[in-house]
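Hello,

Please find the structure we discussed below, followed by notes on what was found in it.

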Amino acid sequence: MDQDVLIGRDRELADFTRLLEAARAGSGALVLVEGVAGVGKTALAHALVRRAREAGMRVAWGACLEGEGAAPYWPWVQILRAVGVSAAQLVDPVDGAAGNRFQLFDGVVEVLRSASAEHGLVLVLDDLHWADVPSLRLLHWVASTVADSAMLVVGLYRGREIASYADAAAVFETGLQAMRRERATTQIVLGGLAPGEITELATRTFRRRMDDVLLRAVRERCEGNPFFVLELLRLAGASGHVEGGVPSGIREVIGRRLARLAPAARQTMRQASVLGREFSAGLLGAMLEQTPAQLLDILDEAISAELVQVVDGHVVRFEHVLTQEVLYTELPTTDRQRLHARAAAALRATGAADGAIESLAHHLRQAAPLGGAEDALDVTSQAAARARGQLAYEHAAVQYRQALGLLGLVPGGVARRADLLLELSRCEFRSGAVEDAWRSCREAADLGRAAGDGTTVADAATVLRGITNSPITPQVHAMCREALVMLGEADPVRQARLLAQLAVTADPFSSATESGLGRRALRAAEATGDPDARFLALQARQAELVDGAHVLERLSIGERAVGLGRETGLDEYTAWGHAWRIDAFWELGRRIQLDAEMAAFAGVVAHLGEPLWVWRLRMTQATLAMFEGRYEHARGLAEEGLAIGRRGGHDGADFIHLVFTSHLALETGTGMDTVEAGVRRFVEQGPFLARSWHALVLAGVGRLNEAARLWETLIPHLSSVPRRAAEWIVVAIGHAQLSVRFQDHAVAAAVYADLLPYADRQVTGGAHTPCEGPVALYLGMLATLLEDWEAAEAHLRTALAASTAMGSAPYEAMTHLHTARLRLARRPAADLHAAVEHLDVAERTARRLGMAPLEAEIVRLRDAGRRTQSALLSPREEQVAGLVAEGLTNRQIARRLHLSERTAENHVAHILTKLGFDSRARIAAWYAARNLPG
């Protein structure tokens with residue numbers, strides 16, 4: 001569609017006008033515009049750009065290039081240059097080992113925010129379906145921050161033609177879905193024009209009334225596609241009819257229009273199509289051995305026919321990408337290959353190859369069947385290394401795959417295959433494609449085995465890091481064992497890494513798991529001095545020490561990781577160290593130290609900027625807020641954490657969010673049905689013992705019969721979780737709650753014995769997951785069930801002190817509740833009085849924090865307490881209590897009941913003693929409360 005003629009898009013332009021005004025006011029948005037080729041996406045964007053400029057806003061346009069010759073981040077490079085900022089941070093490689101692409105992304109966002117601050121900024125990314133994956137990742141990052149900015153970001157893409165790389169299609173689609181979930185994203189799908197709009201488009205474009213018969217044929221054939229309409233009408237020309245009948249498709253229309261050109265012009269355009277949609281006249285001249293002036297003379301006819309245009313006097317651009325595609329397909333295969341070879345030579349001859357290594361590599365690869373495959377392999381490997389240095393891991397992976405595809409054309413190329421596979425696997429892993437990375441590792445290991453090369457197998461076994469609780473984990477573990485045997489003692493650094501990986505991937509549920517692997521790995525790594533081996537070994541030892549008996553050593557491991565981070569300048573090591581120390585201090589119940597570590601951790605995470613670290617920080621903050629009873633704040637932090645985790649590609653973010661919301665629901669009573677459905681879905685696919693979690697949730701929603709049936713199925717398997725498993729303490733606490741709920745004395749006794757060594761600890765499976773309060777609380781509950789009154793009282797006293805010291809009002813209230821339950825179970829008069837006081841304290845806290853389930857439990861316990869107190873009184877004492885409640889004196893009671901005054905006085909004294917009260921007023925209040933309606 002002519003950029004100056006926009007027909008049938010009034011509604012879309014009105015939407016864009018509204019979004020422009022909002023962006024200028026500081027409420028930005030991302031707009032994704034989908035449509036088939038030629039439907040008018042670019043024309044709509046140009047209309048938007050004109051309106052933005054009229055409103056005084058800045059505008060920047062970035063176009064994605066088709067094929068494999070585009071540099072990573074290319075549309076963003078164009079955008080940064082358009083706003084007058086250096087794109088060096090995207091173009092120039094950084095130290096990939098220390099680099100963090102989310103810091104890189106944050107840097108780009110800050111630059112764009114600054115550019116938009118004064119007048120607002122409109123960004124257009126054209127042909128997103130051809131974008132490299134790193135550019136899509138950066139777009140998602142921008143989309144996540146655009147809502148509170150003065151930016152309007154527009155992405156244009158073909159809905160049925162996704163991704164220029166085959167492996168990028170799935171990433172593109174999932175990326176679109178993720179971007180659509182962002183709160184400031186709007187989707188527009190452009191359809192074809194109506195018949196009347198087609199007539200108007202034709203009349204306004206050609207400035208004359210078109211033949212009705214021709215228009216009818218055009219409308220029937222073009223399905224409202226504006227580009228198809230205009231190309232057909234141009235093909236018809238002044239004669240008003242199409243020779244040979246109306247073409248069946250847009251490519252046939254373009255082909256017929258091209259056929260009208262002089263042979264020299266059409267041949268030159270075919271040759272130029274090898275360079276892509278846009279190219280410099282100088283580069284084409286060097287390729288065809290002609291001057292730019294000669295070329296422009298030859299192309300003058302095509303320029304007049306609006307098939308190509310000249311920009312800035314030296315850049316030639318096909319008017320529509322479909323024109324370039326049609327011309328390229330017209331070239332015979334061998335001619336294409338020769339032209340790609342000439343294009344590569346021209347890039348080198350003009351000096352353009354220095355800044356376009358991806359384009360040079362692309363042309364050399366396309367020409368490789370005719371010769372020069374080794375050159376193509378070397379340059380492609382250089383392009384991959386450059387992309388990796390730019391933190392464009394997906395793009396680097398594409399280049400490494402292309403390099404692997406060239407090996408068959410290179411003499412002795414098979415010898416380089418294992419190294420290329422390992423490089424590919426590292427990029428795949430860094431990009432989040434774990435399964436692809438492991439597939440590449442396995443292929444490299446196969447080659448290493450065949451060659452008897454233990455180093456290759458060792459490297460393949462240690463590419464993936466932190467892979468636990470995955471189907472891949474046991475495979476990695478087995479490869480580590482194999483590599484250790486093959487490697488022997490020849491390479492201490494690789495040996496230390498293998499030992500550490502072996503410990504990290506060990507199955508805590510297997511009786512065959514060797515103990516002390518982490519310790520061995522740490523000794524070996526310390527001896528080598530290699531930072532990577534040392535950190536991996538620290539990680540292994542930390543994982544090995546999850547049992548609470550080793551919490552102090554875990555503190556030390558965390559401190560060593562922090563020190564290693566400072567020594568190497570690697571913030572990731574430092575972050576892990578602080579995270580481990582936060583877990584340990586929380587378990588120990590040391591609030592002051594916990595707060596200090598949280599502050600240090602937040603500082604490191606702010607510097608790192610990586611989504612997975614920000615996610616962990618937000619979830620830890622959410623857990624702390626819930627632990628303190630700040631429920632709405634906790635909910636907000638958890639939702640923010642979920643969005644960040646999804647954005648960062650964290651597979652476990654949704655599960656941790658479900659765990660968090662289930663605890664929040666159990667404490668507040670809100671959203672229980674939704675949580676129960678989510679937990680049920682997880683349990684249906686998850687491990688068998690996860691049913692205890694579901695049973696707790698079912699009990700929380702009052703479905704006790706279902707919970708009891710689940711509990712019965714679990715009882716034979718309660719000892720299946722070993723102490724060395726990270727989830728042991730959390731599972732044991734769940735069993736404690738269920739055994740108390742269902743009065744299971746045998747299980748309660750066993751769980752009590754298991755938990756007793758941890759009586760002074762807090763229950764945590766990691767600070768980024770919900771903390772369940774002091775272990776002593778659950779020991780007190782169990783001891784109450786087992787009628788060990790002295791132990792129960794001691795544990796609950798410890799729990800109350802621990803909850804207070806940690807600043808947890810909810811667990812203080814829960815402890816008061818269970819202390820009241822203990823007092824009522826013991827039944828002495830003094831205990832009954834104390835039970836009421838504990839319930840009063842618990843009720844005030846529950847009401848203040850919004851703990852509806854706890855409030856309901858307090859009501860039930862009060863009723864039970866009243867019944868207990870009533871059972872202590874004889875019928876005559878019940879009568880006397882009622883008269884005291886009426887305000888009668890002892891003398892009046894004696895007269896009413898025909899007793900002596902001394903007898904009435906004795907009855908009142910007995911009532912005070914039995915109920916644990918110290919005044920007649922307390923008797924009156926108790927009797928009145930007990931006899932209230934309902």
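**Salt bridges, sheet, cysteines and rings**

Arg417 forms a salt bridge with Glu443, with 2.8 Å between the closest N and O atoms; a salt bridge here is a side-chain nitrogen of Lys or Arg within 4 Å of a carboxyl oxygen of Asp or Glu. Arg417 lies in helix H20 (residues 417–430) and Glu443 in helix H21 (residues 434–451), so the pair ties together parts that are 26 residues apart in sequence. Helices (H or I, at least four residues) and strands (E, at least two) are DSSP runs, numbered from the N terminus. Arg417 is partly exposed at a relative accessible area of 25%, and Glu443 is partly exposed at 30%. For these labels, buried means under 20% relative accessible area, exposed means over 50%, and partly exposed is in between (1.4 Å probe, protein chains only).

Before the rest, a note on the source: this is a predicted model, in which local features need pLDDT of at least 70 and side-chain atom pairs count only at pLDDT 80 or more, while totals for chains, interfaces and linings use all residues. Residues are numbered from 1 along each chain as its sequence is written, and side-chain values use heavy atoms, with hydrogens and water left out.

**More on salt bridges**

Under the rule above, the count comes to 57 salt bridges. One of them joins Arg348 and Asp375, whose closest N and O atoms are 2.8 Å apart. This pair links distant parts of the chain: Arg348 sits in helix H16 (residues 333–350) and Asp375 in helix H18 (residues 373–389), 27 residues apart. Arg348 is partly exposed, with a relative accessible area of 42%; Asp375 is also partly exposed, at 28%.

Another salt bridge is formed by Arg618 and Glu640, with the closest N and O atoms 2.8 Å apart. Since Arg618 belongs to helix H30 (residues 611–627) and Glu640 to helix H31 (residues 631–647), the pair ties together parts that are 22 residues apart in sequence. Glu640 counts as partly exposed, at 35% relative accessibility.

There is also a network of salt bridges, which links Asp840, Glu843, Arg847, Glu855 and Arg862.

**The sheet**

An open sheet is formed by 5 strands in the order E2-E3-E4-E1-E5, with parallel pairing; two strands pair if DSSP finds at least two bridges between them. Strand E2 (58–63) and strand E5 (185–189) are the edge strands, each pairing on one side only. On average, neighbouring strands of this sheet are turned by 15 degrees against each other, direction ignored. Axes are lines fitted to C-alpha atoms, for helices over the stretch in contact, and angles run from 0 to 180 degrees between N-to-C directions.

E2 pairs with strand E3 (residues 121–126) in the parallel sense over 6 bridges. Within this pairing, Gly62 has Leu125 in E3 as its bridge partner. Helix H1 (residues 10–24) packs on the sheet and touches strand E1 (29–34), E3, strand E4 (151–157) and E5; the direction of H1 makes about 145 degrees with that of E4. Contact means heavy atoms within 4.5 Å.

**Cysteines**

How many disulfides does the structure hold? The number is 0, a disulfide being a pair of cysteine sulfur atoms within 2.5 Å. For Cys427, which is in no disulfide, the nearest cysteine sulfur is that of Cys441, 12 Å away. Cys427 is buried, with a relative accessible area of 1%. Cys441 is in no disulfide either, and the nearest cysteine sulfur to it, that of Cys480, is 11 Å away. Cys441 is buried at 0%.

**Aromatic rings**

The count comes to 14 aromatic pairs. Rings of Phe, Tyr and Trp (its six-membered ring) pair if their centres lie within 6.5 Å; planes under 30 degrees apart count as stacked, over 60 as edge-to-face and the rest as tilted. Tyr73 and Phe105 have ring centres 6.4 Å apart and planes at 85 degrees, so this pair is edge-to-face. Tyr73 lies in the loop between E2 and helix H3 (74–82) and Phe105 in helix H5 (residues 101–116), so the pair ties together parts that are 32 residues apart in sequence. Both Tyr73 and Phe105 are buried.

Phe535 and Trp580 form a stacked pair, 6.1 Å centre to centre with 10 degrees between the planes. Phe535 is in helix H26 (residues 531–544) and Trp580 in helix H28 (residues 571–588), 45 residues apart. Phe535 is buried at a relative accessible area of 6%, and Trp580 counts as buried at 4%. Ring pairs link Phe535, Tyr573, Trp576, Trp580, Phe601 and Trp613 into a cluster.

Regards
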